[in-house]
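Subject: Structure handover

Hello,

Here is the structure for you to look over. My notes follow below it.

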Amino acid sequence: MTAAPTPLSALHEVFLGNDLFVSARNPEHFETYEKSQHPSVTMLTCCDSRMHQLVFNFDPIDRTFVVQNIGNQLQSGAGSVDYGVRHLKTPLLLIVGHTRCGAIAAARTDYRNESWEIVRELNGLHLPLKGVGTSGDTEADWLASAEANVDFQAEMAAARYAPEIAAGNLVVAGCIYDFVNLYGRGRGRLILMNLNGERNSSTLAASPLLETLDATVRTTIVGTRGIAPSRQ
């Protein structure tokens, strides 16, 4: 991509990229999913171009059922999430927010001059962000707001899908994708914020759902909230 893509360069990128995709795969590759899909994850995430399922799966085709909207909001995509959880029966609902989310930043400002469609979607972030104050540190407040939104969406999902969770058929995990390294765990890291509505980091670290993870990985993905002291 050029620094300032044009309609022509963007169109060419799509079809040249698809040609490479087709050329790199044997036709039999597609036979495994040509009649049905087999995802293991329903992912509700922001539609920010910097956030993709590639952050946890190098080949997400037929593995990740993706629902995207601004601010990774459950209410905005509830029907699609229902389909992933209740029809495709994915055992994991992964709700992913991210650092420096534009929707979160916009929802904290006066956005009345946006189109009514954008206003309607941003209005859905009022409740998640209601309890987040203003400290004077823009980066810290921005991150706290993203965390609060992930908690809200994960807790709403845990309530909505309580029967599936109780039956042991579903886990709801809320994460922040940190491409800025605000948590000090490395750029591009998924940081676990919430499991089935539980947000306490000590409780998360001791969860049976994580006990088979490598100890180093477990320590890395579960941590305190807010910007790491080394990044302040």
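Phe21, Phe30 and Tyr33 form one aromatic cluster. Keep in mind that this is a predicted model.

Aromatic pairs came next. Searching the whole structure turns up 4 of them. One is Phe65 with Tyr83: ring centres 5.9 Å apart, planes at 40°, so this pair is tilted. Phe65 sits in strand S2 and Tyr83 in helix H2 (residues 78-87), so the pair ties together parts 18 residues apart in sequence. The two partners also have their accessibility worked out. Phe65 has a relative accessible area of 16%, so it is buried. Tyr83 comes out at 37%, so it counts as partly exposed.

Tyr177 and Phe179 make another tilted aromatic pair. Their centres are 5.9 Å apart, with 45° between the planes. Tyr177 is buried at 10% relative accessibility. Phe179 is buried too, with a relative accessible area of 18%; the cut-off for buried is under 20%.

Now back to strand S2. Val67 lies in this strand, which spans residues 64-69. What is the relative accessibility of Val67? The value is 7%, so Val67 counts as buried. Take Leu44: 23 residues separate it from Val67 along the chain, yet their C-alpha atoms are 4.8 Å apart.

Best wishes

Methods
Residues numbered from 1 in each chain as written. Predicted model: local features only at pLDDT ≥ 70, side-chain atom pairs only at ≥ 80, totals over all residues. Heavy atoms only, no water. Helix = DSSP H or I, 4+ residues; strand = E, 2+ residues; numbered from the N terminus. Buried < 20%, exposed > 50% of the residue type's maximum accessible area, 1.4 Å probe, protein only. Phe/Tyr/Trp six-rings, centres within 6.5 Å; stacked < 30°, edge-to-face > 60°.
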